Amino acid sequence: MRARVHAGDPDAFRELFDEHVRSVYNHAFRLTGNWATAEDVVSLTFLESWRLRERVDVEAEGSLRPWLLGIATNVARNVRRAARRHDGALARLPRSDTVPDFTDEAAGRIDDRERLALMRAALAALREPEREVLALCVWSGLGYAEAAEALGVPVGTVRSRLSRARRKLDGLTAGGVRPPAEDRPPAEDREPPSGHGQQEGDREIAVRSAQEKTR
């Protein structure tokens with residue numbers, strides 16, 4: 001698989017997408033806290049993986065999942081920075097006297113917001129590098145070496161960041177702040193179920209978009 005991805009085999013990228021899209025999506029959602037943004041991160045991640053395919057080490061062994069999650073982490077960082085710049089620009093605009101009615105949209109999303117509220121409250125106390133390590137090691141189930149590969153940092157850095165994140169979260173949960181059960185790390189190294197995610201058509205869109213980059 002590594003050799004085929006490195007060579008730009010479209011079928012290999014389809015297999016890569018099918019095997020890891022759910023894992024990439026879950027990781028992206030944990031970093032962004034937004035379903036729609038996570039889907040954008042997934043699409044950008046697989047486009048970026050096509051662009052970076054020649055960096056795949058064909059001599060190495062093991063899954064390409066850490067490589068993809070590393071790309072997804074970088075993409076999520078960029079998406080969050082762009083969102084902050086956008087929000088800042090909007091904040092500088094004159095306020096409108098007309099207040100739009102958000103009733104219908106709020107009704108459709110209220111369950112998601114309530115479910116995420118406690119998780120965000122806990123994760124907001126963490127620095128970005130700590131959140132990324134927590135998402136990779138605890139929720140995505142990567143080992144220290146795999147997380148270090150994904151982030152491009154030494155294993156010792158992964159260990160120290162994860163240790164700090166756990167200490168902070170322990171302090172928060174001791175004070176009564178606790179993520180909902182479905183958002184806590186699973187007992188086993190598996191991805192938790194999600195009610196949202198990539199639609200079937202997204203796979204073809206992402207694959208076609210990646211292939212068009214070669215034209």
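Keep in mind that the model is predicted. So much for the caveat. Let's start with the whole chain.

The protein has 215 residues, and 41% of them are buried. What secondary structure does the protein contain? There are 9 helices and 0 strands. Read from the N terminus, the order is α-α-α-α-α-α-α-α-α.

Now the contacts. Take pairs of residues at least 6 apart in sequence. Of those contacts, 74% join residues at least 24 apart. And the surface? The protein exposes about 12400 Å². Carbon and sulfur atoms supply 49% of that area.

On to the helix pairs. Two packed helices are described by the angle between their axes and the distance between the axes.

Pair one is α2 with α3. Helix α2 covers residues 10-32, and helix α3 covers residues 35-51. Their axes are 8 Å apart, at an angle of about 135°. That angle is why α2 and α3 count as oblique to each other. The crossing is right-handed.

Which residues make this contact? On the α2 side they are Phe13, Leu16, Phe17, His20, Val21, Val24, Tyr25, Ala28, Phe29 and Thr32. On the α3 side they are Trp35, Thr37, Ala38, Glu39, Val41, Val42, Thr45, Phe46, Ser49 and Trp50. Sorted by class, the contact of α2 with α3 has 14 nonpolar, 5 polar and 1 charged residues.

Stay with one of those residues, serine 49. Serine 49 sits in helix α3. Is serine 49 buried or exposed? Its relative accessible area is 0%, so serine 49 is buried. What does serine 49 touch, if we skip residues up to four places away in sequence? The answer is Phe13, Trp67, Leu68 and Ile71. Phe13 is also on the list for α2 in its contact with α3.

Pair two is α2 again, this time with α6. Here the axes are 10 Å apart, and the angle is about 145°. This crossing is right-handed too. From α2 come His27, Arg30 and Leu31. From α6 come Arg131, Glu132, Ala135, Leu136 and Trp139. By class, the contact of α2 with α6 has 4 nonpolar, 1 polar and 3 charged residues.

Helix α6 spans residues 128-139, and helix α7 spans residues 144-151. The axes come within 9 Å and cross at roughly 135°. So α6 and α7 are oblique to each other. Again, the crossing is right-handed. Glu132, Val133, Leu136 and Cys137 in α6 meet Tyr144, Ala147, Ala150 and Leu151 in α7. In this contact of α6 with α7 we find 7 nonpolar residues, no polar ones and 1 charged.

Next, the loop between α6 and α7. Serine 140 lies there. Its relative accessibility is 4%, so serine 140 counts as buried. How far is serine 140 from serine 23 in space? From C-alpha to C-alpha it is 7.1 Å, although the two are 117 residues apart in sequence.

Now threonine 73, in helix α4. With a relative accessible area of 0%, threonine 73 is buried. Leave aside its neighbours within four places in sequence. Threonine 73 is then in contact with His27, Leu31, Glu132, Leu136 and Leu151. Some of these names have come up already. His27 and Leu31 belong to α2, and Glu132 and Leu136 to α6, in the contact of that pair. Leu151 is in α7, where it takes part in the contact with α6. Threonine 73 and leucine 151 are 78 residues apart in sequence. Their C-alpha atoms are 7.7 Å apart in space.

Where is aspartate 57? It is in the loop between α3 and α4, and α4 covers residues 65-91. Aspartate 57 has a relative accessible area of 42%, so it is partly exposed. Aspartate 57 and alanine 3 are 54 residues apart along the chain. Between their C-alpha atoms there are 8.2 Å.

To recap: 9 helices, 0 strands. The pair α2 and α3 is oblique, and so is the pair α6 and α7. Serine 49 is buried, and so is threonine 73. Aspartate 57 is partly exposed.

Conventions
Residues are numbered from 1 along each chain as its sequence is written. This is a predicted model: local features need pLDDT of at least 70, side-chain atom pairs count only at pLDDT 80 or more; totals for chains, interfaces and linings use all residues. Side-chain values use heavy atoms; hydrogens and water are left out. Helices (H or I, at least four residues) and strands (E, at least two) are DSSP runs, numbered from the N terminus. Buried means under 20% relative accessible area, exposed over 50%, partly exposed in between (1.4 Å probe, protein chains only). Contact means heavy atoms within 4.5 Å. Accessible areas come from the Shrake-Rupley method with a 1.4 Å probe; for residues, only the protein chains shown count as cover. Axes are lines fitted to C-alpha atoms, for helices over the stretch in contact, and angles run from 0 to 180 degrees between N-to-C directions. Angles under 35 degrees count as roughly parallel, over 145 as roughly antiparallel, 65 to 115 as roughly perpendicular and the rest as oblique. A crossing is left-handed if the near helix is turned anticlockwise from the far one by less than a right angle, and right-handed if clockwise. Ala, Val, Leu, Ile, Met, Phe, Trp, Tyr, Cys and Pro count as nonpolar, Asp, Glu, Lys and Arg as charged, and the others, Gly among them, as polar.
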